[in-house]
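The sequence and structure are shown first.

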Amino acid sequence: MAVTTDHDQKAGFARPLSISESVHEQIYQRIMSLEILPGARIPIDQLARELNVSQTPVRDALTRLEREGLVRKAHLIGYSAAPQLTPKEFDDLYRFRLMLEPESARQACLRLTPEKLERLENAAADMEKGEQPVSRNSRYSRFARADAHFHDEILKVADNEFARQALTDRHIHLHIFRLMFHSRVTQEALEEHERLLAAFRAGDADAAYHAMHDHIERSRDRLAAAFE
């Protein structure tokens, strides 16, 4: 089994992942890159052989992925990848995001301190920096997590736990990024995030609202082709 690492930003070095973490990361990448298709069964014994590990870390990884919303477990059937969003679910999700996230960005801007702004800057920077990915799949899956983290940090600063849980409990960013694997993704999103950060730096709450609104609308438009 290949040795993998996780970049420790504070210490400035890469640390080896544990077997459990490495197995989780590899299965996560397969799901996000659609190597494991939505709805497909995930046989534990087969994965253990492919990854050259025992079944225990595979079970642990699938349990964690179930909590993350990417895997489902059915009685007498076992594990399978979560189904893809339907067009109706996609439309409902983006209308919900447009109701919730722009106002959360406004509230976050009003509550910013230098320390909180630095936290947002670091979360945004993590999408471009860090350990070099070994493949397009690993780069893509890493970006998906970093994007989810950035949006979650904004919701934390907005300080409305009900709003935050409404979004994070559905693991919306991970499901969205599965739709986006074969689409143009990162550069446009990074530019939109930078406009949002510019509003935060300027302390302009209205600009933060509109930057987030624009970002979500553009994200929706980028993904519409997935249903054509």
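Two residues are said here to be in contact, or to touch, when they have heavy atoms within 4.5 Å. The model under discussion is predicted.

## Overall architecture

The protein has ten helices and four strands. Read from the N terminus, the order of elements is β-β-α-α-α-β-β-α-α-α-α-α-α-α.

Of its 228 residues, 43% count as buried. The accessible surface of the protein amounts to about 12,200 Å², and carbon and sulfur atoms account for 50% of it. Among contacts between residues at least 6 apart in sequence, 72% join residues at least 24 apart.

## Packing of α1 against α2

Helix α1 spans residues 19-32, and helix α2 spans residues 44-51. The two helices pack at an angle of about 110°, and their axes lie 12 Å apart. Angles of 65 to 115 degrees count as roughly perpendicular, and α1 and α2 are therefore roughly perpendicular to each other.

On the α1 side, the contact is made by Val23, Gln26, Ile27 and Arg30, which meet Leu47, Glu50 and Leu51 of α2. By type, the residues of this contact divide into four nonpolar, one polar and two charged.

In soluble globular proteins, nonpolar side chains tend to be buried together. In this model, the largest nonpolar core contains 61 residues, of which Ile27, Val58, Leu62, Leu196 and Phe200 touch the most other members. Helix α6 (residues 136-158) provides the largest share of this core, with nine residues.

Ile27 also takes part in the contact of α1 with α2. Phe200, with residues up to four places away in sequence left out, touches Ala105, Ala108, Cys109, Leu112, Leu117, Leu120, Ile154 and Ala208.

His24 is located in α1. Is this residue buried or exposed? The cut-off for buried is under 20% relative accessible area; His24 has a value of 2% and is therefore buried. Not counting residues up to four places away in sequence, His24 touches Ala61, Arg64, Leu65, Glu68 and Arg145.

Gly69 lies in the loop between α3 (55-67) and β3 (71-74). With a relative accessible area of 18%, Gly69 is also buried.

Beyond residues up to four places away in sequence, Gly69 touches Ala82, His171 and His175. Gly69 and His175 are 106 residues apart in sequence, while their C-alpha atoms are 8.2 Å apart in space.

Key. Residues are numbered from 1 along each chain as its sequence is written. This is a predicted model: local features need pLDDT of at least 70, side-chain atom pairs count only at pLDDT 80 or more; totals for chains, interfaces and linings use all residues. Side-chain values use heavy atoms; hydrogens and water are left out. Buried means under 20% relative accessible area, exposed over 50%, partly exposed in between (1.4 Å probe, protein chains only). Accessible areas come from the Shrake-Rupley method with a 1.4 Å probe; for residues, only the protein chains shown count as cover. Axes are lines fitted to C-alpha atoms, for helices over the stretch in contact, and angles run from 0 to 180 degrees between N-to-C directions. Angles under 35 degrees count as roughly parallel, over 145 as roughly antiparallel, 65 to 115 as roughly perpendicular and the rest as oblique. Ala, Val, Leu, Ile, Met, Phe, Trp, Tyr, Cys and Pro count as nonpolar, Asp, Glu, Lys and Arg as charged, and the others, Gly among them, as polar. A nonpolar core is a set of buried Ala, Val, Leu, Ile, Met, Phe, Trp, Tyr and Cys residues joined through side-chain atoms within 4.5 Å.
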